[in-house]
Amino acid sequence: MISLAVLVLLAAAGYRGTQLLVHDSLLDPLRDRLIGWHEKRLDSALRTAVVTLISCVYCTGWWVSGGFLLAWLLATDSWHGVPLVVHGIEWFAVAGGAVLLNRWDDSRTDGN
């Protein structure tokens, strides 16, 4: 099982990765192209799912957190010898930490 320090690290990485994919202007051109692609066929379930994924911090955060956790487990050779359910619980913990950071960030005032 991952330590509390690793959980915090992965939650922070999940938060930042989610912000990059959902909100940061760096990826605006890609998001705009995907939204335009979706608008050409609004009845497409696949296109709707892709646009939902890239616009929802909860959806994106779940998969980004899972990706960071998987990368960590494989890089540290921690994948083997642990029941799969433990890794599932770790995934919920990392994604939960990341979404708490997103919620905290959304609740802050700009100060302007």
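Predicted model: local features only at pLDDT ≥ 70, side-chain atom pairs only at ≥ 80, totals over all residues.

Mentor: Residues are numbered from 1 along each chain as its sequence is written, and side-chain values use heavy atoms, with hydrogens and water left out.

Trainee: Why is α1 called oblique to α4?

Mentor: Helix α1 (residues 4-22) and helix α4 (residues 57-75) pack at an angle of about 135 degrees, with their axes 8 Å apart. Angles under 35 degrees count as roughly parallel, over 145 as roughly antiparallel and 65 to 115 as roughly perpendicular, with the rest oblique, and that makes α1 oblique to α4.

Trainee: Which residues of α1 and α4 meet?

Mentor: Among them are Val6, Leu9, Leu10 and Ala13 in α1, and Val57, Val64, Phe68 and Trp72 in α4, where contact means heavy atoms within 4.5 Å. By class, the contact of α1 with α4 has 11 nonpolar, 6 polar and no charged residues; here Ala, Val, Leu, Ile, Met, Phe, Trp, Tyr, Cys and Pro count as nonpolar, Asp, Glu, Lys and Arg as charged, and the others, Gly among them, as polar.

Trainee: How many aromatic pairs does a search of the whole structure find, and why is the pair of Trp62 and Trp91 called stacked?

Mentor: The search finds 3 aromatic pairs. Rings of Phe, Tyr and Trp (its six-membered ring) pair if their centres lie within 6.5 Å, and planes under 30 degrees apart count as stacked, over 60 as edge-to-face and the rest as tilted. The rings of Trp62 and Trp91 have centres 4.4 Å apart and planes at 15 degrees, so this pair is stacked. Because Trp62 lies in helix α4 and Trp91 in helix α5 (residues 84-107), the pair ties together parts that are 29 residues apart in sequence.

Trainee: What makes the pair of Trp63 and Trp91 edge-to-face?

Mentor: Their ring centres are 5.6 Å apart and their planes stand at 65 degrees, so the pair is edge-to-face. Ring pairs link Trp62, Trp63, Trp91 and Phe92 into a cluster.

Trainee: Why is Trp63 called exposed, and how do you know that His87 is buried?

Mentor: Buried means under 20% relative accessible area, exposed over 50%, and partly exposed in between (1.4 Å probe, protein chains only). Trp63 has a relative accessible area of 53%, so Trp63 is exposed, whereas His87, with 5%, is buried. Leaving aside neighbours within four places in sequence, His87 is in contact with Leu69, Leu73, Ser78, Trp79 and Val82.

Technical notes
Axes fitted to C-alpha atoms, helices over the stretch in contact; angles between N-to-C directions. Helix = DSSP H or I, 4+ residues; strand = E, 2+ residues; numbered from the N terminus.
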